[in-house]
Number of protein chains: 2
Amino acid sequence: MVEQRITAEQSGAFIEMAAVAPTASGPLDGLTFAVKDIIDVAGHKTGCGNPRWRATHPPAVAHAVCVEQVLNAGGRCLGKTHTDELAFSLLGENHHYGTPLNPKAPERVPGGSSCGSVSAVACGLVDFAIGSDTGGSVRVPASNCGILGYRPSHGAISVGGVMPFAPGFDTIGLFARKAGVLARAAAVVLAQDLPVTVEVGTVYLVKEAVALADPEVQAALTPALRRLENALGKNVVPLSIREMDGEPDDGTLAMRNWHETFCLVQWSEIWSSLGAWVTEARPDFGPATAANFELTRNLDRRRMPAAARRREAYCRGVASRLAANDLLIIPTAPTPAPHKGSKHQRDGDAASYYPRALALTALAGIGRLPQISLPLLQADSAPVGMSLLASRGQDAFLLAVVNALAENGMVQDQGVQ
Amino acid sequence: MVEQRITAEQSGAFIEMAAVAPTASGPLDGLTFAVKDIIDVAGHKTGCGNPRWRATHPPAVAHAVCVEQVLNAGGRCLGKTHTDELAFSLLGENHHYGTPLNPKAPERVPGGSSCGSVSAVACGLVDFAIGSDTGGSVRVPASNCGILGYRPSHGAISVGGVMPFAPGFDTIGLFARKAGVLARAAAVVLAQDLPVTVEVGTVYLVKEAVALADPEVQAALTPALRRLENALGKNVVPLSIREMDGEPDDGTLAMRNWHETFCLVQWSEIWSSLGAWVTEARPDFGPATAANFELTRNLDRRRMPAAARRREAYCRGVASRLAANDLLIIPTAPTPAPHKGSKHQRDGDAASYYPRALALTALAGIGRLPQISLPLLQADSAPVGMSLLASRGQDAFLLAVVNALAENGMVQDQGVQ
């Protein structure tokens, strides 16, 4: 692969170059990283993708916990990266600050909300980047840009110093081009060592998740699954989502119930976290962000308690189905990245982009599971991720599995574009 | 017991009477509750115990998720209750708003930071109250006031609409005088049903936790443990904390490492959550709160990453030691409630109040475990709690155990004082 270096300016990934030296030597010596601009870097404003937020908030007085951990392990921060406004999008097209480059599919969006972090890594400007993932904001951009993206088990990585969005789902995640770098950085923010060897249990393919994907994505999955079976030395076992959520086996339901359950709880939490500021500060949102916040503002919150009960029931269902060393496989996203400037509504019909994408990402969200998106698929000449998920708390195991897959060639280092 | 009704005014529990009718009929029909003033009730300011916070923040636009759940289950809200300033104390003596009444020991503090919620319940003004517990702010007040207090597994109850403090430890907890009321309210905010019958595994007594308590508390534990053994039909098994944290068995270490580990991570997160506001708004803190925030401001944050690694190692150690239906027993607090107006410093020597209290509460905090404090002990003519802890995620089991203990007379309903 011919390496054409993209400049930071060409990528449009950074809102601010903010160099911060490591505070100690450690396992991340020599690596550079970038930080999504909903995460604090001391002395800098945390702008959260909106000019009015930036204007109405003071600078951060301390590094977020995750940033402090990375600096203390030898990482060198290069800057703050763009985010969708208040992290509320999967697209990465910021009305105020533009759309960072997806270098493998420049006519397509990078994905959001961690759009600058994914672009900085995919463009080769940093070795890894810190993003956040509430409803897919690390996993979907990683899928779109053809790199690795990791969402941890809920609660496993500190969100201290991170803008609260929907705290029942908020996580700090990571992007990298290489499995080894992802594993090293993840071990630091997880505050634990990874196992050297792993033994994988049963590997399940979630049938309804596959059915949600475009035919081209489904077609690309087949050979990737065969390679995975060879790499792991075991067959992939089909599993119905109905065996985890306990819903009636109704062919038309697919994973709509996961999408709806996730949205009702998430939207309630988002409005609780941000509604008072939105109401008081009257920020100049772009049209898509304004529409998103109207959904949260107008939600009949009396529907939320029943959704929270479904969330917990599904979460227990997943936990009871998965042993500690089992894996789930799904396509990370239903399609390659949407084309720039195309319209996508969160409350669109079930066949449209958001309901399908959020149904897929809701599996880890509702289940509180760790998930890693791997750049293994191509559809319509653009990247799509295939994801491995593990049981809640099995982050170190999952990262070690991906490391092992990289060592035997199943997951390849992604070049600098 | 002669019931002498205490008025809301006498209790000093409420910062604002804010009646909110139920939004539906459900399992909490007929029950009244109160809400700690770091938790949103729509249309009311969330004052967080500090006048400057109240002045610089808009009213809440929505009920917090937990409040919405309770209203939707039939609960009737009577008002917002006092909290220590920004929830940063275990004492309950608010410099600006005063000290709510501890009706069982009026010369002693109620405990904090959920001081108004515990007082409202202990004084019989509401059936239950919602508090928050990061470092003991439900468990310690419950111990002090002789009622039941429940801290959930971390992440099990939504903190949407709650002031972020130290998100790696923040939880929403509950107070009640009766185990049955606690169980019904907890099931609503946990969004799950409780089991009807339970089978208890091994019941461990944490030796070092007992050793941290005053001799009078230790003496009171002995008959309470005997009654518990009779009620459960099994012997309590001594367990060393060293078998969970893996530290060398050094007689002088006791649980100081739990206290230190907890404080380093918690203080880092607190300053990340609140430092920018404190720095910009220059609030008029009382002396104890000002001293607490100076500790977080002046912390050498480079010490935090190693503490976070210890936190995760201890958490895994606890998880690997406890089966799903095992219980741990500790005294909730090392002493009865301190006397009002006495001085207690967070960075005092190891024998002083805070280091001992926080070492005890750090077990559930670091382990992410559920804990229920039961009003089973008396020392120096004042209440002290005995706590049951269970494995992470075993909240429903733990609540059902306490329900069963109440049904056979081990845990008695606490009268209205």
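1. With nine of its nine residues buried, strand S11 (382–390) of chain A is largely enclosed by the rest of the structure. Bear in mind that this is a predicted model.

2. S11(A) has antiparallel pairing with strand S9 (residues 327–331) of chain A, through five bridges. In that pairing, A:Ile329 sits opposite A:Leu388. Strand S10 (residues 371–379) of chain A also pairs with S11(A), again antiparallel, over seven bridges, and there A:Leu374 faces A:Met386.

3. Have a look at the turn too: S10(A) and S11(A) make a hairpin with two residues between them, and A:Asp380 in the turn has a positive phi of about 55 degrees.

4. Over in chain B, the sheet is open, with 11 strands in the order S1-S3-S2-S4-S6-S5-S10-S11-S9-S7-S8 and mixed pairing. Strand S1 (14–20) and strand S8 (236–239) of chain B are at the edges with a single partner strand each, so one side of each has no neighbour in the sheet. On average, neighbouring strands are turned by 25 degrees against each other, direction ignored.

5. For a parallel pair, see strand S2 (residues 32–36) and strand S4 (residues 128–132) of chain B, joined by three bridges. B:Phe33 is opposite B:Phe128 in S4(B).

6. Two helices of chain B are worth checking against this sheet. Helix H4 (residues 115–122) of chain B lies across S1, S2, S3, S4 and S6 of chain B, at about 165 degrees to S4(B). Helix H14 (residues 395–407) of chain B lies across S9, S10 and S11 of chain B, at about 135 degrees to S11(B).

7. How many residues of chain B are in contact with chain A? The count is 41, against 41 residues of chain A. Helices H3 (65–72), H10 (256–281) and H12 (304–321) of chain B are the elements giving two or more residues to that side, and H10(B) supplies the largest share, nine residues. By class, the chain B side has 17 nonpolar, 15 polar and nine charged residues.

8. The same surface serves both copies, as 100% of the contact residues of chain B recur in chain A.

Notes. Residues numbered from 1 in each chain as written. Chains lettered and ligands numbered in written order. Predicted model: local features only at pLDDT ≥ 70, side-chain atom pairs only at ≥ 80, totals over all residues. Contact = placed C-beta atoms within 7 Å. Helix = DSSP H or I, 4+ residues; strand = E, 2+ residues; numbered from the N terminus. Nonpolar A, V, L, I, M, F, W, Y, C, P; charged D, E, K, R; others polar. Pairing = 2+ DSSP bridges. Axes fitted to C-alpha atoms, helices over the stretch in contact; angles between N-to-C directions. Buried ≥ 20, exposed ≤ 12 C-beta atoms within 10 Å, placed from the backbone.
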